[in-house]
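Below is a briefing on one model, grouped by topic for quick reading.

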Amino acid sequence: MTHFPQLHDKWMGLALAEARKTEASADVPIGAIVVDSTGQIVGRGYNRREADGDPVAHAEVIALREAAAHLGRWRLDDCTLVVTLEPCTMCAGATLLARIPRLVMGAWDEKAGAVGSVFDVLRERRLNHWVEVFPEVRAAECASILREFFAGQRDLQNTEWKGAKNHKA
């Protein structure tokens, strides 16, 4: 099993490109890729909860599903998951269940992160599988795309609220 730490920045750039695919929807811009033992991308995903009306359509889940389908197996024990934001509990659990040995992640999620911020699911010693974590890869870029999205959401909400207030006047 080969690992390519020198490619983490490049891979994160590809995950960021996936995150940008949410621009046409109301989905939070999070992107993920799965890379096999030769360094080839075998799965890609970006958040599609709003677009698909699917509560589990997180970037990581979509990328893991695509990788499993591409490789013809659920056990992804020779792959690396790369994601722009620290995985939530569900995605950390899916990472464990897929037997992913490595996670490369961008920004921390202080509200819902399950890789050290709120919980540390991937390194829970009572579980039967552990994941090596490479945090803060291009973290500033990953955080920036999220800040821009949420600033836009706040502007949209403030505009709607002001419009409703003006309408009543």
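**Fold briefing**

Strand 3, helix 4 (residues 89–97) and strand 4 form a β-α-β unit that is right-handed. Right-handed means that, with the strands pointing away from the viewer, the path from the first strand over the helix to the second runs clockwise. Helices (H or I, at least four residues) and strands (E, at least two) are DSSP runs, numbered from the N terminus. The model is predicted: local features need pLDDT of at least 70, side-chain atom pairs count only at pLDDT 80 or more, and totals for chains, interfaces and linings use all residues. Residues are numbered from 1 along each chain as its sequence is written, and side-chain values use heavy atoms, with hydrogens and water left out.

- Five strands make an open sheet with mixed pairing, in the order 2-1-3-4-5.
- Strand 2 (41–46) and strand 5 (132–134) are the edges; each has a single partner strand, so one side of each lacks a neighbour in the sheet.
- On average, neighbouring strands of this sheet are turned by 15° against each other, direction ignored. Axes are lines fitted to C-alpha atoms, for helices over the stretch in contact, and angles run from 0 to 180 degrees between N-to-C directions.
- Strand 3 (residues 80–85) pairs with strand 4 (residues 102–107) in the parallel sense, over five bridges. Two strands pair if DSSP finds at least two bridges between them.
- Leu85 sits opposite Ala107 of strand 4, and Val82 has Val104 in strand 4 as its bridge partner.
- Strand 4 also pairs with strand 5 in the parallel sense, over three bridges. Here Leu103 stands opposite Val133 in strand 5.
- Six of the six residues of strand 4 are buried, so the rest of the structure largely encloses this strand. Buried means under 20% relative accessible area, exposed over 50%, partly exposed in between (1.4 Å probe, protein chains only).

**Helix packing**

- Helix 3 (residues 59–71) lies across strand 1, strand 2 and strand 3. The helix runs at about 150° to strand 2.

**Nonpolar core**

- The largest nonpolar core has 41 residues. Such a core is a set of buried Ala, Val, Leu, Ile, Met, Phe, Trp, Tyr and Cys residues joined through side-chain atoms within 4.5 Å.
- Met12, Val34, Leu76, Val82, Ile100, Leu103 and Leu122 touch the most other members.
- Two or more residues each come from helix 1, strand 1, helix 3, strand 3, helix 4, strand 4 and helix 5 (139–168).
- Helix 1 gives the largest share of this core, five residues.
- Ile100 touches Leu64, Leu76, Cys79, Leu81, Thr95, His129, Trp130 and Val131, leaving out residues up to four places away in sequence. Contact means heavy atoms within 4.5 Å.

- Most residues other than glycine have a negative phi.
- Arg99 is not a glycine, yet has a positive phi of about 65°. Arg99 lies in the loop between helix 4 and strand 4, and is buried at a relative accessible area of 18%.
- Glu136, also not a glycine, has a positive phi near 60°. Glu136 lies in the loop between strand 5 and helix 5, and is partly exposed at a relative accessible area of 48%.

**Confidence**

- Mean pLDDT for the chain is 90, and 89% of its residues reach 70 or more. pLDDT is the predictor's confidence in each residue, from 0 to 100.
- Over residues 159–169, pLDDT stays under 50, and the model has zero contacts there beyond four places in sequence.
- Where pLDDT is low, the predicted coordinates should not be read in detail.
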